[in-house]
Amino acid sequence: MYNAALINDPFGDPGAYVECKYRREAVLFDLGDLHLLPPRKLLKIDYIFVSHTHMDHFIGFDHLLRLCLGRDKHLHLFGPPGFLQHLEHKLMAYTWNLVENYTNDFAVIATEVHPHAQTTKRYCCRTAFQPETLEECRAFDGILVETRFFTVQGVFLDHLIPCLAFRFEERQRFNILKTVLKEMDLPTGAWLMTLKEHLVNGDDDETPVRIWSRDPLGNVGETWLPLGALKQAVKVSPGLRIGYVTDAIHSRKNRAAILELADHADLLFIETTFLQDHAETAARKYHLTARQAGTLARQAHVKRMVPFHFSPKYKIAPHVLAEEAMTAFRGHPA
Ligand SMILES: [Zn+2]
């Protein structure tokens, strides 16, 4: 149900856009340069997870803010320690004296995450983005967001500063088995959406489900069956799992955190900033090398790896980082 892709080319600002194929819903990992995303895609975003506020991961905020002003929209942002202060500085950088009469009150709801606690504030356009505290020091157990359709977890990595890595997990998928439906002599149609809603909600087996269809003359025929009886026509499969890992030194603690976060992910976006030949530079700058990233992806049993956050020093040989990462990922000596 979701598509996920990097926003920019791997030498550009880091960031991944995860979009639902059927609903107006998208999630963003990191807030670097967003100009390649058209407004219609940006306006689908409800949740943004910022790894840290180095410029290349946060400069896109103004672009998005400008687009959202005057719209009936709430943006939920999450970031590491110090995040609210950085966000407030961005919001306070502008003059907001003509906003109180806007018809729609655009709001930013931001959560600053610490290893054991999180604080959430709201900033509404009509009140010139003055902070209102919604929750202070709520316990943080790794889960940042839990919706009806997905969860997002965060873990801390060491980038000399605390930096968040994320795991997006779609809830179970429900696919209708049309052949079974036919054997049961049941029609296809809009009622299947209601059936899926019941399954997503985890309703009990006795729940009556209305099965209806319209004949060519427009007459509606209906019957009712309990949810439990319809389950044989539904195939349940695990949802998509996506990891987003960037800006981390190759330390023992970071490795353990990345392996746990990326475990059996369908897709892992992972930084591959330097070649292994430049491992000392990578360590000094608190980044991973391509070989380190590829090896971690393999050890975590990831299905597909997307390397990104390439250092500009490799622009003269643009494929070397991806090649080194893929070689390590496939388990061949680099
Ligand atoms: Zn970075």
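**Pocket and zinc site**

Visitor: Which element gives the most to the lining of the largest pocket?
Guide: That's α6, with four residues. A pocket here is an open set of 1 Å grid points, over protein atoms alone, where a 1.4 Å probe fits with protein on both sides within 12 Å along at least five of seven lines, and lining residues have an atom within 4 Å of a point. The model is predicted, with local features needing pLDDT of at least 70 and side-chain atom pairs 80 or more, while totals for chains, interfaces and linings use all residues. Numbering runs from 1 along each chain as written, and side-chain values use heavy atoms, without hydrogens or water.

Visitor: Which residues lie nearest the pocket's centre?
Guide: M1, Y22, R23, F174 and K196, out of 16 lining residues. Both β12 (173-176) and α6 (191-201) supply at least two; helices (H or I, at least four residues) and strands (E, at least two) are DSSP runs.

Visitor: Switching topic, what holds the zinc ion?
Guide: Its protein donors (N, O or S within 2.8 Å) are H57 (NE2), D247 (OD) and H309 (NE2), at 2.2 to 2.3 Å. Along the chain their spacing reads H-x189-D-x61-H. D247 sits in the loop between β16 (241-245) and α8 (252-262), and H309 in the loop between β18 (304-308) and α11 (320-330), so this pair ties together parts 62 residues apart in sequence.

Visitor: Are D247 and H309 buried or exposed?
Guide: D247 and H309 are both buried, meaning under 20% relative accessible area with a 1.4 Å probe, protein chains only.

Visitor: And which residues of α10 are buried?
Guide: In α10 (residues 290-299), they are A290, Q292, A293, G294, L296 and A297. H301 follows α10 with a positive phi, near 60°.

Note on methods: Donors are N, O and S atoms within 2.8 Å of the metal (3.2 Å for Na, K and Ca); water is not among the atoms, so sites may look incomplete. Buried means under 20% relative accessible area, exposed over 50%, partly exposed in between (1.4 Å probe, protein chains only).
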